[in-house]
Amino acid sequence: MENKNMTPRQIVEALDHYIVGQDAAKRAVAIALRNRYRRSRLDEELREDITPKNILMMGPTGVGKTEIARRLARLVDAPFVKVEATKFTEVGYVGRDVDSIVRDLVEAAVRMIKERMMREVELEAARNAEERLLDALLDAEGGAPKRAPNPIEQLLGSVRQPDLPPEEQKQRMSRREELRESLQRGDLEGEQVEIEVEESTPTENLPGTDINMNDVLGSILPKKKKLRRVTVVEARRLLTLEEAQKLIDIDAATSEAVAAAEQNGIVFIDEIDKIAGRSQAGSGPDVSREGVQRDILPIVEGSTVNTKYGPVKTDHMLFIAAGAFHVAKVTDLIPELQGRFPIQVELNPLTREDFRRILTQPQNAVITQYKALLKVEGVELSFDDDALDAVADIAVRVNERSENIGARRLHTVIEQLLDEISFAAGENGDESVSIDRAYVEKQLGDILREDNVRGQIF
């Protein structure tokens, strides 16, 4: 079954590979995702009336809110963007406007579609790149120094070179095939070669607009070229990338990207609790709170945003908002915005058992990551069960004693635990290191003392 047609149960099982616990949140996003597939199977008239049921996640930091949304998007190759509500200001004030959320999502969709299309033409691009590389190698052997084209040549095209005599052409073709064989065997990978590539230019927009001058002038002015002296390996990579970009249909890519953003886009709005709260009577407008909520509302409700790729509708994008809601409450959001997040799920604080599972259970588990990093240096790292229990205990106790930052605490604790091993790794050649409870208590015992100021960094 394709990822886009996964049932809610299969989606939850896939998320279980990366996120420990939080079953209610996983079920909510799985149903929302499956409803997209169900909607796509309906008649067009009814399909337009069915909008996504947006989700509001409530829970402390570090329990998996962002990870659930990000993994969900990766699971179905959906365009995804994560924004922080606190980065935006009300229209009319200096700062980012909420329309940039949609523009960022479309940019992510364009990038995703282009990458997919480039993978599809990779073989043809590699063949074209090989021909250009052979030309460069032959020119280098000919001894004629290569020069960058002047502005007139760039505008009108390169001057046509006179044809070589038949005998020289035959010799050149023979040498070309010899070089091709050497190239395909990998004999020339370390050789230096001079190639002509398109010069990359910065893509900054004009202040306060979505207009990029390179895009405006790109169709009028020719692309600048420059000479680069690189290894054959790097030349192949650069030329293949350039050839792939020539082979893809940019108009088709942007058209498909806009459709993907409109129908399958997922927007994750973090820290929405930080803009909750009402302005007091008699005080001026609150730029960072109610005003921002009112600006976000039309996008979540469904509106049309102008981007450099054309108008983009937000009616069928899935919005997932999240916040800790330690101080503010969901009811502090304006009623209209609350109504646009009908599915509200609470994520549970992590327990000691959750910490223990996070260390080893997910595919990208913390311990798995550190084992892989140290294996590069020839260090075989292993943890016994008592050591893992001790690490989980310490992470829970430090979270209780200072700020509760959830699973992120484990990275801090493990970094301190493996400090000496990481510092000396590679100095003694291949070795095996086993971590037990005694080693954990020796390395981390100090941070558990109430009078230890150093513990505050955890």
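**Entry 1: valine 300**

In which helix is valine 300 found? I found valine 300 in helix H12, residues 290-301; helices here are DSSP runs of H or I with at least four residues, numbered from the N terminus. Before going on, I noted that this is a predicted model, where local features need pLDDT of at least 70, side-chain atom pairs count only at pLDDT 80 or more, and totals for chains, interfaces and linings use all residues. I also noted that residues are numbered from 1 along each chain as its sequence is written, and that side-chain values use heavy atoms, with hydrogens and water left out.

Is valine 300 buried or exposed? Valine 300 is buried, with a relative accessible area of 5%; buried means under 20% relative accessible area and exposed over 50%, with partly exposed in between (1.4 Å probe, protein chains only). I then listed its contacts (heavy atoms within 4.5 Å). Leaving aside neighbours within four places in sequence, valine 300 touches Asn54, Phe319, Arg340 and Phe341. Phenylalanine 341 is 41 residues away from valine 300 in sequence, and their C-alpha atoms are 8.9 Å apart.

**Entry 2: helix H8**

I checked the length of H8 (residues 166-185) next. At 1.5 Å a residue, its 20 residues should span 28 Å, and the end C-alpha atoms are 29 Å apart, which agrees; the expected span is 1.5 Å times one less than the number of residues.

Which residues of H8 are buried? They are Arg176, Leu179, Arg180, Ser182 and Leu183. These cover an arc of only 165 degrees around the axis, so they sit on the same side of H8; the arc is taken from the directions from the helix axis to the C-beta atoms. On the other side of H8, I found Pro166, Glu167, Lys170, Gln171 and Arg185 exposed. Just after H8, glycine 186 takes a positive phi of about 90 degrees.

**Entry 3: the cores**

I looked up the nonpolar cores, meaning sets of buried Ala, Val, Leu, Ile, Met, Phe, Trp, Tyr and Cys residues joined through side-chain atoms within 4.5 Å. The largest has 64 residues, of which Ile320, Leu417 and Ile435 touch the most other members. Helix H16 (residues 385-401) gives the most to this core, with 9 residues. Apart from it lies another core, of 46 residues, among them Met58, Val83, Ile248 and Ala321.

I had a look at isoleucine 435 too: not counting residues up to four places away in sequence, isoleucine 435 touches Leu381, Ser382, Phe383, Asp384, Ala387, Leu417, Leu418, Ile421 and Val440.

Terms used:
Helix = DSSP H or I, 4+ residues; strand = E, 2+ residues; numbered from the N terminus.
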